[in-house]
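Student: I would like to go through the labels attached to this model and ask what each of them rests on.

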Amino acid sequence: MSLKRPLDSFFKPSQAKKPKVEVEVSVQDASSHSTYPFPVPQLPPSVADALGFAPAVEGRAINDQPDLDLLYFQPYIAKDIEKDMFDFLRQELFFYRVEYRIKRGSVETLIKTPRYTTVFGVDGTSRFSSTDGSVLDSKTNKPVQKDRYKAQPRPLPGCLDALRIATEGSTGETYNFCLVNYYANGSDSISYHSDDERFLGSNPAIASFSLGAKRSFLMKHKPAPPSATNPPEEAKPLKLPLASGDMILMRGPTQSNWLHSIPKRKGGESEKGRINITFRKAITRGASDNYYNYNVGTGGVFRWDPKREEMMPWSPTAHTEKTELA
Ligand SMILES: O=C(O)CCC(=O)C(=O)O
């Protein structure tokens, strides 16, 4: 944050000028983009500075099972900043509660995603202009055609980009997508799946952060296809108690062979809410359409309401009225 003030301003009576400077600082420092419902401030300086020293501890390899290659940081984000980082991201990010329809045979089903989601980034065929955030073709550096993507890709706000940079440094991987989940309580969940889409390439590295409530992360080996002549050797399911600040790096053959989930749970810490952040590297265009479809969708925006202590539908008008009343 830039707090530069002329020396003489420290000696002048603090009248009308002070608030003006503060407003300028916050507007200037926040990340804005035409696709953002509202600007996203930078991380508080204490959190941003501490990220420079992450990971808090070395990662522990978990690779004693067939096709499994994990690096488990307990924690990655130091204990003295994880709570501030959780509170900040829950308060400052915009979220969605995506619903979509799938067709199985002739039957159409409405799927209600059981958690809040949001996503930033663009696949490797494009990049964001560093001057105005517009989407450029990676090869030609020219603006991409309007119909290249079904939804306009969004650059990572500075607060998540700071974590991406730290993560790239400590994992030796690069990432161009950031998906964020918010599990409001124990009824929110993600069912067994693997992030094995072709648009991530073979053996993708996915760095997955936990902030807030402790939740169990379950993993199990994919079943052998019925045609397999050599079924894989016995693999035991895994249960990792992901706590605030932890990071699990999933890499190598993990996604093509293992499934993972955050099951619903009763009681415990889950009612306090949990944020999950994953960094991934997507290679082809299909990733951008897929991620924006399932993590932003076509519904309304939600934002954390600190008075009600829950996610509430957000609209520009309601926001303006609230600001005027304050
Ligand atoms: O919340 C988590 O820890 C897992 C999230 C996840 O599996 C996903 O976003 O694909």
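Predicted model: local features only at pLDDT ≥ 70, side-chain atom pairs only at ≥ 80, totals over all residues.

Tutor: The protein has seven helices and 17 strands, and buried residues make up 46% of its 326 residues.

Student: Why is N176 called buried?

Tutor: Buried means under 20% relative accessible area. N176 has a relative accessible area of 18%, so N176 counts as buried.

Student: Where is N176, and what is in contact with it beyond its neighbours within four places in sequence?

Tutor: N176 lies in the loop between helix 4 and strand 8. Its contacts, with those neighbours left aside, are F120, G121, V122, D123, G124, R280, K281 and A282.

Student: Why does P313 count as exposed?

Tutor: The label exposed requires over 50%. P313 has 59% relative accessibility, and therefore it counts as exposed.

Student: What does P313 touch, not counting residues up to four places away in sequence?

Tutor: P313 touches V301 and F302; a contact needs heavy atoms within 4.5 Å. P313 is part of strand 17, residues 310–314.

Student: What share of the contacts with a separation of 6 or more is between residues 24 or more positions apart?

Tutor: In this protein that share is 76%.

Student: What makes strand 9 and strand 12 edge strands?

Tutor: The sheet concerned is an open one of four strands, ordered 9-14-11-12, with antiparallel pairing. Strand 9 and strand 12 (238–242) each have a single partner strand, so one side of each has no neighbour in the sheet. The twist from one strand to the next averages 15°.

Student: How do you know that strand 11 and strand 14 pair?

Tutor: Pairing requires at least two bridges. Four bridges join strand 11 (residues 215–221) to strand 14, and the two run antiparallel. K220 stands opposite L259 in strand 14.

Student: What is the strand order in the open sheet of seven strands, and which are its edge strands?

Tutor: The order is 1-2-13-10-15-8-5, and the pairing is antiparallel. Strand 1 (60–62) and strand 5 (116–121) are the edge strands, since each pairs on one side only. Neighbouring strands in this sheet are turned by 20° against each other on average, direction ignored.

Student: How do you know that strand 5 and strand 8 pair?

Tutor: The cut-off is at least two bridges, and strand 5 and strand 8 pair over six bridges in the antiparallel sense. G121 has F177 in strand 8 as its bridge partner.

Student: Which helix packs on the sheet?

Tutor: Helix 4 (residues 158–171) does, touching strand 5, strand 8, strand 10 (206–212), strand 13 (247–250) and strand 15. The direction of helix 4 makes about 60° with that of strand 15.

Student: What lines the second largest pocket?

Tutor: The lining has 28 residues, of which R115, I190, H193, D195 and N295 lie nearest the centre of the pocket. The volume of this pocket is about 630 Å³. Strand 8 (177–183), strand 9 (190–193), strand 14 (258–262), strand 15 (274–280) and helix 6 (286–295) each supply at least two residues of the lining.

Student: How many residues of that lining are nonpolar, polar and charged?

Tutor: The lining of the second largest pocket has 11 nonpolar, 12 polar and five charged residues.

How values were computed:
Residues numbered from 1 in each chain as written. Heavy atoms only, no water. 1 Å grid on protein atoms, 1.4 Å probe; cavity = no way out; pocket = protein on both sides within 12 Å on 5 of 7 lines; lining within 4 Å. Points joined across faces, edges and corners; volume = space filled by probe spheres on them. Nonpolar A, V, L, I, M, F, W, Y, C, P; charged D, E, K, R; others polar. Axes fitted to C-alpha atoms, helices over the stretch in contact; angles between N-to-C directions. Buried < 20%, exposed > 50% of the residue type's maximum accessible area, 1.4 Å probe, protein only.
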